[in-house]
Amino acid sequence: MPNEKPIYPNRILLDQVADKWTILVLGALCAGGGKARFNAILREVEGMTQKTLTVCLRKLERNGLVARTILDTAPIGVEYSTTPLGYTLSKPFKALHDWAEEHLEEVEASQREFDARDPAFKEVAVG
């Protein structure tokens, strides 16, 4: 169709890498020394469901950012680890985390000002 915009592979990759769950899961893995079991990640990432974590980890594995290892334990366990490619994201993710920490109060003040002007938007954006 003539009005359709082309889909660029880098846009698809950015959509997959920059979503909130991916950032939080990779952050949890990096905080755990680059390795963690499924339930440890689930406990670390507040508000995440098992299904969401499963989908996120499979997407990360497919993109070569996380490796999945089956552990020969009783019961059988699964461990996820950051690949060398996945580890390259730790620096930009840390920069983003640091930015959020540094500017949180400013952003919250802006949100309060905006919400006072347009309270209906807050219900749509947050709710």
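With which residue does Lys-59 form a salt bridge? The partner is Asp-19, and the closest N and O atoms of the pair are 2.8 Å apart. Lys-59 belongs to helix α4 (residues 50-62), whereas Asp-19 sits in the loop between α1 and α2 (20-31); the pair therefore ties together parts that are 40 residues apart in sequence. Lys-59 has a relative accessible area of 25% and is therefore classed as partly exposed. Asp-19 is likewise counted as partly exposed, because its relative accessibility is 21%. It should be kept in mind that the model is predicted.

A search of the whole structure gives 3 salt bridges. In general terms, side chains of opposite charge can pair when their charged atoms come close. Another salt bridge joins the side chains of Asp-15 and Arg-11, with an N to O distance of 3.6 Å. Both of these residues lie in helix α1 (residues 9-17), where they are 4 residues apart, or about one turn of the helix. Arg-11 counts as exposed because its relative accessibility is 53%. Asp-15, at 44%, counts as partly exposed.

Helix α6 (residues 90-117) provides a further pair. Here the side chains of Asp-98 and Lys-94 meet in a salt bridge, at 2.9 Å from N to O. Asp-98 and Lys-94 are both part of helix α6 and are 4 residues apart, about one turn of the helix. Lys-94 has a relative accessibility of 52% and so counts as exposed. Asp-98, by contrast, is counted as partly exposed, since its value is 33%.

Ala-95 is also located in helix α6. With a relative accessible area of 44%, Ala-95 is partly exposed. Between the C-alpha atoms of Ala-95 and Ile-23 there is a separation of 12 Å, while along the chain these two residues are 72 residues apart.

Which residues form a negative surface patch? The patch is made up of Glu-102, Glu-105, Glu-106 and Glu-108. Is Glu-105 buried or exposed? Its relative accessibility is 66%, and Glu-105 therefore counts as exposed. A residue must have over 30% relative accessible area and no salt bridge to be included in such a patch, and the value of 66% for Glu-105 meets the first of these conditions.

The cysteines remain to be considered. A disulfide is a covalent bond between the sulfur atoms of two cysteines. How many disulfides does the count give? The count comes to 0 disulfides. Cys-30 takes part in no disulfide, and the nearest cysteine sulfur, which belongs to Cys-56, is 13 Å away. Cys-56 counts as buried because its relative accessibility is 4%. Cys-30, with a relative accessibility of 31%, counts as partly exposed.

Definitions and conventions. Residues are numbered from 1 along each chain as its sequence is written. This is a predicted model: local features need pLDDT of at least 70, side-chain atom pairs count only at pLDDT 80 or more; totals for chains, interfaces and linings use all residues. Side-chain values use heavy atoms; hydrogens and water are left out. Patches are made of residues with over 30% relative accessible area and no salt bridge: like charges are joined within 9 Å, nonpolar side chains (Val, Leu, Ile, Met, Phe, Trp, Tyr) within 5 Å. Accessible areas come from the Shrake-Rupley method with a 1.4 Å probe; for residues, only the protein chains shown count as cover. A salt bridge is a side-chain nitrogen of Lys or Arg within 4 Å of a carboxyl oxygen of Asp or Glu. Lys and Arg count as positive and Asp and Glu as negative; His and the chain ends are not counted. The place of a charge is taken as NZ of Lys, CZ of Arg, CG of Asp or CD of Glu. Helices (H or I, at least four residues) and strands (E, at least two) are DSSP runs, numbered from the N terminus. Buried means under 20% relative accessible area, exposed over 50%, partly exposed in between (1.4 Å probe, protein chains only). A disulfide is a pair of cysteine sulfur atoms within 2.5 Å.
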